[in-house]
Amino acid sequence: MKALYLLILLFSFLGFSQSNVYQVVDKNRFYKYAKDLDLESVDVLRENEDSVLIKTSEHNITKFSDLMHEKEHSCGAGSTHFDLQEAIDLMENAAKKKGEQGIFLAYSVSRQSTVNPILSKISATHYEKTIEELSSFYNRYFRSPTAVESSEWILRKWRDITKSRSDAESFLFHHPWSQPSIVAKLKGRTDKLIVIGGHSDSKNYSQNTGLAPGADDDASGIATVTEVLKVLVESNYQPEHTLLFVGYAAEEDGLLGSKDFVNYIKELGSEVLGVIQMDMTIHNTQDNKIHLLTNNTNAAQNDFLKDLIDEYVGVNRWATASLSGGSSDHASWNAQGYPASFPFEAAPGDLNSRIHTTADTLNAPGVNANLGIKFVKLGVSFLVELDK
Ligand SMILES: [Zn+2]
């Protein structure tokens, strides 16, 4: 704690960014920790049953994120906005969508003869190498030059994987800050979208621009998305609907990249059949199961994931859980009414305590790249079984 206050004092002394932003935060958590914030610079603009909308400085947001990280072991504590109306819309939409199940889909598991040969092409060596290379950037903090370099690295990798396909397209999706999101698209016969993503940024929570390898959080998710793309292309899979592979920027600072991207998809008016988020896939010391998080996710789609895991990973290799603080980019989709799921690496009592530090590496205790292969299998089967 002491180090944190010293850091904040130092930031204040240096005149570190004092610009105000808007954040929608969990109401219970806000009031639980409000006493630890510099409340003179926090304006509570509105609140409802679940959330509070505050206007405050960027460094107060960082402080709140740090508190969430320290006390609740969570990442992506709230939803940050530069635009007030956007924050209000998010808050109102979330209240409206509460309890809704999104679109109805007749989920079924019926394409074993297509899925199984694709799964046989998964390379654990290639998967681990992607994590290793991505976590070798000094950090992928969304305001750092190395975040831009690492995003360009992912783009090159996805372009290389898809170079044989005339129906593929990979591009950077730019935001009001320097780190872009990365998108690869395999065009289907229809424009309906099925989305798989992870977040491309990493952050050292005790010093934003410090060393942050982010191997588990979330090079593992990007490696999962990359491996899914690779085996689909190697199998020359021709999609019926359009498959999107996304590396979201700036997740750690309030799901910023995914919010921007989901707004873009919403403006396009695209129909989205399903969204799956891969964020932390290689740490587990207890059960080697996939934990389906119930927070901000679609219950019907989660049931579909249970069937997929039973069929393609192993019977009962799943559990359900709710995280007290953890969130990820699926929440940005869910908030706008799209069906989203978040399969997670371990139970809430078995969290990787080294995320957001210099020690989030492939060598950390409880971390093993092979644990992530089940998420690649789930990702492939999700895309292919939904693609009908
Ligand atoms: Zn994460």
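Start with the open sheet of six strands, whose order is 5-6-8-7-9-12 and whose pairing is mixed. Strands here are DSSP runs of E with at least two residues, helices are runs of H or I with at least four residues, and both are numbered from the N terminus. Two strands pair if DSSP finds at least two bridges between them. The model is predicted: local features need pLDDT of at least 70, side-chain atom pairs count only at pLDDT 80 or more, and totals for chains, interfaces and linings use all residues. Residue numbers start from 1 along each chain as its sequence is written.

Select strand 5 (168-173) and strand 12 (340-341) next: these are the edge strands, each pairing on one side only. Then move to strand 7 (residues 193-199) and strand 9 (residues 272-277), which run parallel and are joined by five bridges. Within this pair, Ile194 stands opposite Gly274 of strand 9.

Now go to the open sheet of four strands, ordered 2-3-1-4 with antiparallel pairing. Strand 2 (43-47) and strand 4 (78-81) stand at its edges with a single partner strand each, so one side of each has no neighbour in the sheet. On average, neighbouring strands of this sheet are turned by 25° against each other, direction ignored. Select strand 1 (residues 20-26) together with strand 4: they run antiparallel and four bridges join them. Tyr22 is found opposite His81 in strand 4.

The next stop is strand 10 (residues 290-293) with strand 11 (residues 318-321), a parallel pair joined by four bridges. His291 has Ala319 in strand 11 as its bridge partner. Follow the chain from strand 10 through helix 10 (residues 299-312) to strand 11: this β-α-β crossover is right-handed (with the strands pointing away from the viewer, the path from the first strand over the helix to the second runs clockwise).

Last, select helix 6 (residues 124-134) and helix 8 (residues 215-234), which pack at an angle of about 135° with their axes 9 Å apart. Axes are lines fitted to C-alpha atoms, for helices over the stretch in contact, and angles run from 0 to 180 degrees between N-to-C directions. Helix 6 is therefore oblique to helix 8 (under 35 degrees counts as roughly parallel, over 145 as roughly antiparallel, 65 to 115 as roughly perpendicular, and the rest as oblique). Residues making the contact include Tyr127 and Ile131 of helix 6 and Ala219 and Ile222 of helix 8 (contact requires C-beta atoms, placed from the backbone, within 7 Å).

How values were computed. Contact = placed C-beta atoms within 7 Å.
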